[in-house]
Amino acid sequence: MRQSPGHWRWRSDPVTGQAVIFDMDGVLSDAAGRQHHLTGKRKDWDAFFLACGEDPLIEDVAPLLDLLDRDLKIVLLTGRPVSVRDITLEWLDCHKLRWDLLIMRPRGDYSAARSFKEATIPQLRTFDLQPVLGFEDDLRNAEMFRQSGVPCVYVHSGYYL
């Protein structure tokens, strides 16, 4: 298997097969306590992402990870920058969540989350991961998944209006 991008982190060895994609903020982690960093004239994205380790788990969605068939691979596709990967990995470990691949925004990528995530779908396919379902809290991203041939469940976080 070829080398995966540096902003990808496999939980253990690379896996292949059908995959379910989960967004993190607003789907698995409740980022409501960080939203104040994004209000006002200047959005403080650094502070917003640095506080991600304090997020509570979204108790209504997280159990889905364990309920899904074990043959399905779990891809966590987040707009969080790779600079908070250690905080994110600690959060995942603390909450004992199932996952196979964590994909974060690479350094220097300031594109819209939709563009970043849309570009990731064909990359997954080149690594023999076939997305069969997604979970998203941004309607724009949910629609992008559907347009890319991946059914998507919209999870209302209240962050996007």
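Q: Quick one to start: is N141 buried or exposed?
A: In this predicted model, N141 is buried, because its relative accessible area is 2%, and buried means under 20%.

Q: Where does N141 sit?
A: N141 belongs to helix α5, which covers residues 139-147.

Q: And what is N141 in contact with, leaving aside its neighbours within four places in sequence?
A: With those neighbours set aside, the contacts of N141 are A113, R114, K117 and E136. Of these, K117 is one of the buried residues of α4, and α4 spans residues 113-126.

Q: How far is N141 from D86?
A: Their C-alpha atoms are separated by 25 Å, while along the chain the two residues are 55 residues apart.

Q: Let's move to α4, then. How many residues does it have, and what does it reach from its first C-alpha to its last?
A: Helix α4 is made of 14 residues and reaches 21 Å between its first and last C-alpha, which is close to the 20 Å expected at 1.5 Å a residue.

Q: Which residues of α4 are buried?
A: The buried ones are F116, K117, T120, I121 and L124.

Q: What do those buried residues pack against?
A: The buried residues of α4 pack against the strands β1 (8-10), β2 (17-22), β3 (73-81), β4 (101-105) and β5 (129-136), and also against helix α5 (139-147).

Q: What comes just after α4?
A: Just after α4 there is D128, with a positive phi of about 60°. D128 lies in the loop between α4 and β5, and D128 is partly exposed, since its relative accessible area is 47%.

Q: What about K96, what is its phi?
A: K96 is not a glycine either, and its phi is positive, at about 55°. The loop that holds K96 runs between α3 (85-94) and β4.

Q: Is K96 buried or exposed?
A: K96 counts as exposed, because its relative accessibility is 69% and exposed means over 50%.

Q: OK, change of topic: where is L102?
A: L102 is placed in strand β4, and with a relative accessible area of 0% L102 is buried.

Q: What is L102 in contact with, apart from neighbours within four places in sequence?
A: Apart from those neighbours, L102 is in contact with H7, W8, R9, M24, L76, T78, R85, T88, L89 and L92. As for R2, the C-alpha of L102 is 17 Å from that of R2, and the two are 100 residues apart in sequence.

Q: And L72, where is that one found?
A: L72 is in the loop between α2 (63-67) and β3, and L72 counts as buried at 15% relative accessibility.

Q: Which residues does L72 contact once its neighbours within four places are left aside?
A: The contacts of L72 are then Q18, V20, R98, D100 and V132. Between L72 and E136, which are 64 residues apart along the chain, the C-alpha separation is 18 Å.

Q: You mentioned V132; where does V132 lie?
A: V132 lies in strand β5, and V132 is partly exposed because its relative accessible area is 30%. Neighbours within four places aside, V132 is in contact with Q18, A19, V20, L72, V150 and P151.

Q: Stepping back, how many helices and strands does the chain have?
A: The chain has 5 helices and 6 strands, and along the sequence they follow the pattern β-β-α-α-β-α-β-α-β-α-β.

Q: What about overall size?
A: The C-alpha trace spans about 45 × 30 × 30 Å along its principal axes. The radius of gyration is 15 Å, which agrees with the value near 15 Å for a compact globule of 161 residues.

Q: How much of the chain is buried?
A: Of the 161 residues, 48% count as buried, and the accessible surface comes to about 8,400 Å², of which 51% belongs to carbon and sulfur atoms.

Q: Last one: where are the charges?
A: There are 20 positive and 24 negative charges, and their mean positions are 4 Å apart.

Definitions and conventions:
Residues are numbered from 1 along each chain as its sequence is written. This is a predicted model: local features need pLDDT of at least 70, side-chain atom pairs count only at pLDDT 80 or more; totals for chains, interfaces and linings use all residues. Side-chain values use heavy atoms; hydrogens and water are left out. Helices (H or I, at least four residues) and strands (E, at least two) are DSSP runs, numbered from the N terminus. The radius of gyration is taken over C-alpha atoms; the globule rule is 2.2 Å times the number of residues to the power 0.38. Buried means under 20% relative accessible area, exposed over 50%, partly exposed in between (1.4 Å probe, protein chains only). Accessible areas come from the Shrake-Rupley method with a 1.4 Å probe; for residues, only the protein chains shown count as cover. Lys and Arg count as positive and Asp and Glu as negative; His and the chain ends are not counted. The place of a charge is taken as NZ of Lys, CZ of Arg, CG of Asp or CD of Glu. The expected span of a helix is 1.5 Å times one less than its number of residues. Contact means heavy atoms within 4.5 Å.
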